Amino acid sequence: MAIEAVSSFHRPIKIWTDSLSSLMAILNPKSHHSMVREIQTLLLSHKHIHLRWLKAHVGYLGNKYADQLAKEAISEGDPFFLPKPLSYLKSEIKSAAFNIWQDNWDNGETGRSTHDIVHRVSNKPVGWNREEIMFVTGHGPFPSYLHRSNLRTHDNCSCGEKGDPMHYATKCRFTLSWHFQTPTVSLKLQ
């Protein structure tokens, strides 16, 4: 590291970087990252070394050269290793969990009527009221649900057709005043 390389000099040294996030991490006294703690210790013991920030990609000759050297070091398989921060690992775990959840949702056998309306999984509330949830999920005082739950011997409405939410909302002669049109296939998702 640059700090170790110039630590034997006994004159004021400025090390310039275009990585503001690195400088902010070094300034954080609560950091638990081992590399950050090592740099903090070195800087405390070598008070003549100062870190400074410069804006990236604005034509500083030394900055371009430093970027080039860093790229060469990476391409040559330099063993310089930076462990991933905890926030990155949390993000990766969350992403993997959502992918598994989405795969289970897409390929599951239950909840298909809800899947037809809500394709993507999310941990954000949808803001539906009780009646909307019962309609979308089919869970409620519907013969189809009661039959599925072994609370009825059949799933027929009093009119003779299958008693699911769509039937009551679009077809049943006993609920005519509340009907809406049966959606076309292209509009069903809406």
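Here are some friendly notes on the predicted model shown above.

1. **Ground rules.** This is a predicted model, in which local features need pLDDT of at least 70 and side-chain atom pairs count only at pLDDT 80 or more, while totals for chains, interfaces and linings use all residues. Residues are numbered from 1 along each chain as its sequence is written, and side-chain values use heavy atoms, with hydrogens and water left out.

2. **Fold layout.** You will find nine helices and two strands in the protein; helices (H or I, at least four residues) and strands (E, at least two) are DSSP runs, numbered from the N terminus. Read from the N terminus, the order of elements is α-β-α-α-β-α-α-α-α-α-α.

3. **Overall shape.** The protein is more spread out than a compact globule, because its radius of gyration is 32 Å, well over the 16 Å that the globule rule gives for 190 residues. That radius is taken over C-alpha atoms, and the rule is 2.2 Å times the number of residues to the power 0.38. The C-alpha trace spans about 95 × 35 × 30 Å along its principal axes.

4. Of the 190 residues, 21% count as buried. Here buried means under 20% relative accessible area, exposed over 50%, and partly exposed in between (1.4 Å probe, protein chains only). Among contacts (heavy atoms within 4.5 Å) between residues at least 6 apart in sequence, 38% join residues at least 24 apart.

5. **Surface and charge.** The accessible surface comes to about 14800 Å², and 59% of that belongs to carbon and sulfur atoms; areas come from the Shrake-Rupley method with a 1.4 Å probe, and for residues only the protein chains shown count as cover. There are 22 positive and 17 negative side chains, with the centres of the two sets 8 Å apart. Lys and Arg count as positive and Asp and Glu as negative, while His and the chain ends are not counted; each charge is placed at NZ of Lys, CZ of Arg, CG of Asp or CD of Glu.

6. **Cysteines.** The structure holds zero disulfides, a disulfide being a pair of cysteine sulfur atoms within 2.5 Å. For Cys-159, the nearest cysteine sulfur is that of Cys-157, 3.7 Å away.

7. Asn-150 lies in the loop between α8 (143-148) and α9 (165-170). Most residues other than glycine have a negative phi, yet Asn-150 has a positive phi of about 60 degrees. Asn-150 is exposed, at 69% relative accessible area.

8. **His-147 and His-154.** His-147 sits in helix α8, whereas His-154 belongs to the loop between α8 and α9. Leaving aside neighbours within four places in sequence, His-147 is in contact with Arg-152, Thr-153, His-154 and Asp-155. With neighbours left out in that way, His-154 contacts Pro-143 and His-147. His-147 is partly exposed at 32%, and His-154 is partly exposed at 35%. The C-alpha atoms of His-154 and Trp-16, 138 residues apart along the chain, are separated by 77 Å.

9. **Asn-63.** Not counting residues up to four places away in sequence, Asn-63 touches Asp-18, Leu-54, Lys-55, Ala-56 and His-57. Its C-alpha atom is separated by 8.4 Å from that of Trp-16, 47 residues away along the chain.
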